[in-house]
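Open the model in your viewer and keep the selection tool at hand. The stops below go strand by strand, then to a loop, then to the backbone exceptions and the whole chain.

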Amino acid sequence: MTSWQALADEAARWRDAGRIADLWWRDDDAVDASPALDRLLAIRRDTDAPLALAVVPAQATAALAQRLAVEPEVDVLQHGYAHANHAAPPEKKVELGLQRPAMIVLGELGTGWLALERLFAAQALPVMVPPWNRIADILVPTLPEIGYRGLSTFGPRRRPEPVRGFRQINTHVDLIDWKAGGRFVGEAAALATLVEALARARSGQGEPIGLLSHHLAMDGGAWDFLRSILATITTTQGLRVRAARALFAS
């Protein structure tokens, strides 16, 4: 059985159950307009797949805002504040950790949100995407208190709402193998991870499954796969790509 056939079979299982699998697409580390961003947006238009772009507030430019203003179906999420690592080796990189007082961390996030609101207006959603997909557990309950309505990290979520009324919708399939120097993880590996995540969602509570891309770091294989997988999902019965705006509002 090919990896693509395994995906088709999993979609058929969703159809046979009278259900549709919700997927979504998040791209991280956006800061400025660039040829790579243009390439990403061209794939979005060609596949008609909604895009959630995680933008680093401290580095976001007016040029990025102008570029996105004419793009439908693009939601802007907040990617921490400056994407700055505050952990010392050998700790894993983290910006939203316990290395600094919580009030400083939260103050930066508030400043970052004001910057996103100013630049992107209604395109910006109060959804936190922690850099490196890491955030101290103790900080999560404070996010809705300062205006956020959602959180997105990586991997299966423990529960749909870490705090009542505050949704967590994660990504599950990273196209880049960071441990192997940042190259494409490979078609077979990406599809296997996707099929496994879909099967887990089907047998559970139907968690939305997220594709994760990084337009500033992808090689040719990752770009080709991104186009192919989005085109497949958007044309396969039993699967659909949802907008972040709709998922976090549901």
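Begin with strand β2. Select Leu 51, Leu 53 and Val 55, whose side chains point one way from β2, then Ala 52 and Ala 54, which point the other way; all are buried. Buried here means under 20% relative accessible area, exposed means over 50%, and partly exposed lies in between (1.4 Å probe, protein chains only). The strand, residues 51-55, is mostly covered, with 5 of its 5 residues buried. Strands are DSSP runs of E with at least two residues, helices are runs of H or I with at least four, and both are numbered from the N terminus.

Before going on, note that this is a predicted model: local features need pLDDT of at least 70, side-chain atom pairs count only at pLDDT 80 or more, and totals for chains, interfaces and linings use all residues. Residues are numbered from 1 along each chain as its sequence is written, and side-chain values use heavy atoms, with hydrogens and water left out.

Next, show β1 beside β2. The two pair in the parallel sense over 3 bridges; pairing requires that DSSP finds at least two bridges between the strands. To find one of these bridges, select Arg 26 and its partner in β2, Ala 52.

Move to β4, residues 124-128. Here 5 of the 5 residues are buried, so the strand is largely enclosed by the rest of the structure. Ala 124, Pro 126 and Met 128 cover one side, while Leu 125 and Val 127 lie on the other, and all are buried. Val 76 has Ala 124 of β4 as its bridge partner.

Which residues does Thr 171 touch, leaving aside those up to four places away in sequence? Select Thr 171 in the loop between β6 (167-168) and β7 (173-174). Its contacts are Trp 24, Arg 26, Ser 152, Thr 153, Phe 154, Gly 155, Gly 210, Leu 211 and Leu 212. Contact means heavy atoms within 4.5 Å. Thr 171 is buried, with a relative accessible area of 0%. Arg 26, on this list of contacts, is also the bridge partner of Ala 52.

Now turn to the backbone. Most residues other than glycine have a negative phi, and most peptide bonds are trans.

- Pro 90 is in the loop between β3 (74-78) and α4 (102-120).
- Asp 29: phi is near 80°, a positive value in a residue other than glycine. Asp 29 sits in strand β1, residues 21-30, and is partly exposed at a relative accessible area of 23%.
- Glu 73: phi is positive, about 65°, although Glu 73 is not a glycine. Glu 73 lies in the loop between α3 (62-69) and β3 and is partly exposed at 44% relative accessible area.

Finally, zoom out to the whole chain. The chain has 7 helices and 11 strands, and 51% of its 250 residues count as buried. Along the principal axes, the C-alpha atoms fill a box of roughly 50 × 40 × 40 Å. Of the contacts with a separation of 6 or more, 68% are between residues 24 or more positions apart.
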